[in-house]
Amino acid sequence: MSKALTKIDRKDAKMVMAHLYVAFVSLAIGGLCGLLQVLVRTGKVQLPAGISYYQILTVHGVILALVLTTFFIIGFQFAAISRTAGTLSNGIRKTGWAGFWTMLIGTVLAATMILLNEASVLYTFYAPLQAHFLFYLGLTLVVVGSWISCAGMVAAYVKWRKANPGKPGPLLTFMSVVNAVLWFIATLGVAATVLFQLLPWSMGLVDRVNVAVSRTLFWYFGHPLVYFWLLPAYMCWYVIIPKVIGGKMFSDTMARLAFILFLIFSIPVGFHHQLVEPGIDPAWKFIQVILTFMVAIPSLMTAFAMFATFELYGRSQGAKGLFGWVKKLPWNDARFTVPFIGMLAFIPGGIGGLINASHQLNAVVHNTIWVTGHFHLTIATTVILTYFGVAYWLVPHLTGRVLTKKMNRLAIIQGVTWAVGMTFMSGAMHAEGLLGGPRRSAFSTYGDAPQTLEWIPYQIAQAVGGAILFLSIILCLIIFINLAFFAPKGEEEFPVSEASEHAAQPSPVFENWKLWVGITAALILFAYTIPFIDMIQNAPPGAKGFKLW
Ligand code: HAS
């Protein structure tokens with residue numbers, strides 16, 4: 001490899017690696033819980049020592065959906081900023097460490113309460129299920145830690161802008177900042193329900209909680225949360241993948257526009273998770289469904305940009321015919337193939353999302369295991385395989401090692417086994433959901449009701465898929481440990497693509513933050529103010545806490 005490779009500073013690398021260690025330890029714990037769950041749901045296996053299905057399910061959801069993702073994203077975004085806007089200042093690096101430790105303490109606190117069986121409330125922690133107050137406190141620390149880190153990212157961007165007046169911010173840095181701003185605005189909802197409702201209620205300071213307000217605040221946060229997960233994957237698709245395949249980015253402007261559209265449209269859409277809930281006027285649900293279809297647009301733009309990148313590259317290599325370019329793609333390179341499998345999964349995953357968002361169809365699938373199938377395609381395949389694909393070059397880049405041919409081959413096997421396992425598991429979840437099989441539910445034949453007996457073959461298929469996925473997780477962990485500690489020393493590239501020479505310079509308007517944050521705030525106020533007033537003015541007496549486990 002050439003000596004001209006831009007390396008991330010060693011101190012920055014250490015801070016990023018700390019985040020990645022937590023993310024991959026979370027993968028190991030969460031993956032094991034996932035295996036146990038699918039086994040329990042076959043009806044043939046029981047958990048030992050009185051451990052409940054719901055306790056394991058809570059660990060699985062919290063550690064994978066909240067902990068793994070947040071640590072990976074913050075680590076990756078710091079790496080992206082350090083690589084494209086220059087080495088972090090000491091102050092910003094310290095902010096990164098402060099965020100890391102705050103999040104870690106919060107994680108340990110929340111995990112301890114789950115393990116003590118004081119918080120089997122699942123990852124959505126819906127009221128009136130009531131956890132121990134230390135669980136909510138732990139989650140609060142995770143969010144506060146993430147704010148500290150995101151503030152560090154914004155500070156790095158502001159510093160770069162001051163040093164480079166008039167220039168567009170480096171694309172990966174710009175994208176990281178959009179995701180950080182999205183996160184600040186989105187987490188206000190979860191912070192509000194935890195601080196003002198769930199903490200005082202779980203500490204016994206108040207007796208009852210307004211469930212509709214709490215769930216609405218949760219979903220105000222919960223939907224943009226999925227884009228907080230998705231945007232780092234899109235950073236890889238737009239900026240890193242073109243370089244990996246040897247081509248160029250289709251359009252820098254289009255990438256920036258897609259990210260700004262996510263900022264604007266990803267928040268005022270939470271009602272699409274509450275379409276069957278009472279207490280919300282259907283007109284407001286309808287408005288938020290329309291906004292949900294708007295937030296699909298930047299993903300459709302991304303699909304277009306990816307096809308364009310691949311096709312332009314293929315044709316530059318002499319590809320002929322409509323699909324000749326497919327053959328020119330570097331299928332033997334895990335840095336491309338693993339995220340590519342993620343892209344493919346987003347075709348059915350995205351279609352499933354549009355089905356969920358359609359009000360009438362939502363009545364068919366809501367609270368069925370179809371929804372679990374949907375998010376195992378989106379977060380647990382599209383996003384997570386892209387994260388793995390990133391880790392396969394980022395970890396050796398940070399540890400001063402290389403991705404060897406052997407590990408590259410193993411990584412491709414990892415991606416393919418994931419695809420096979422997920423086809424079985426998520427496919428069977430979708431099918432069982434259409435037959436009415438519930439989600440968030442341990443094994444039961446409900447007194448041998450005939451309808452429930454139809455679900456069992458699908459539950460067995462899910463266990464087969466889940467077992468294959470667990471093997472794939474073991475492969476991934478082997479590769480991670482190898483790249484972190486044992487791979488030969490050397491230089492692994494942090495690939496960053498340039499825009500195609502035909503692409504226009506990005507307009508400065510993309511960095512008019514007052515404009516974009518202003519539009520976002522206006523849309524949020526429009527979509528939520530009246531429904532919130534309604535929920536508070538016409539509130540029922542509220543619910544006492546339930547502990548059903
Ligand atoms: Fe979702 C529920 C609607 C995207 C995650 N979603 C969930 C839950 C999770 C989740 C975790 O409207 C469960 C929450 C819970 O616990 O209750 N979702 C959508 C919609 C989209 C969507 C409209 N979801 C995601 C993403 C997620 C995610 C992304 C995680 C990362 N979702 C819903 C709704 C519910 C829901 C309802 C509630 C259901 C209920 O009733 O409870 C859209 O953003 C999807 C747009 C995507 C596309 C696809 C574009 C395709 C691309 C790939 C291109 C491929 C290439 C490769 C280039 C339009 C970009 C091809 C190359 C070749 C050579 C062929």
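Modeller: In this predicted model, a polar side-chain atom of histidine 366 is found 2.5 Å from an oxygen atom of the ligand. The side chain of tyrosine 227 has an N or O atom 2.6 Å from an oxygen atom of the ligand. For tyrosine 123, the distance between an N or O atom of its side chain and an oxygen atom of the ligand is 2.8 Å.

These contacts belong to a wider setting. The ligand is surrounded by 36 residues. The closest of them are Tyr227, Asn362, His366, His374 and Arg439. By residue type, the shell around the ligand consists of 23 nonpolar residues, 11 polar ones and two charged ones.

At least two residues each come from α6 (211-245), α9 (297-316), α11 (334-357) and α13 (369-399). Of these contributions, that of α11 is the greatest, with 10 residues of the shell.

Apart from neighbours within four places in sequence, threonine 378 makes contact with Phe346, Gly349 and Val383.

As background, most residues other than glycine have a negative phi, and most peptide bonds are trans. Asparagine 117 has its place in the loop between α3 and α4. The phi of asparagine 117 is positive, near 60 degrees, although this residue is not a glycine. Its relative accessible area is 26%, so asparagine 117 is partly exposed.

Phenylalanine 125 is also placed in the loop between α3 and α4. Its phi is about 30 degrees, again a positive value in a residue that is not a glycine. Phenylalanine 125 is classed as buried, because its relative accessibility is 5%.

Proline 128 lies in the loop between α3 (90-115) and α4 (133-163). The peptide bond that joins alanine 127 to proline 128 is cis, with an omega of about 10 degrees.

Note on methods:
Residues are numbered from 1 along each chain as its sequence is written. This is a predicted model: local features need pLDDT of at least 70, side-chain atom pairs count only at pLDDT 80 or more; totals for chains, interfaces and linings use all residues. Side-chain values use heavy atoms; hydrogens and water are left out. A residue is near a molecule or strand if one of its heavy atoms lies within 4 Å of it. A polar contact is a pair of N or O atoms within 3.5 Å; within protein, one must be able to donate a hydrogen and the other to accept it, and residues adjacent in sequence count only if both atoms are side-chain atoms. Helices (H or I, at least four residues) and strands (E, at least two) are DSSP runs, numbered from the N terminus. Ala, Val, Leu, Ile, Met, Phe, Trp, Tyr, Cys and Pro count as nonpolar, Asp, Glu, Lys and Arg as charged, and the others, Gly among them, as polar. Buried means under 20% relative accessible area, exposed over 50%, partly exposed in between (1.4 Å probe, protein chains only). Contact means heavy atoms within 4.5 Å.
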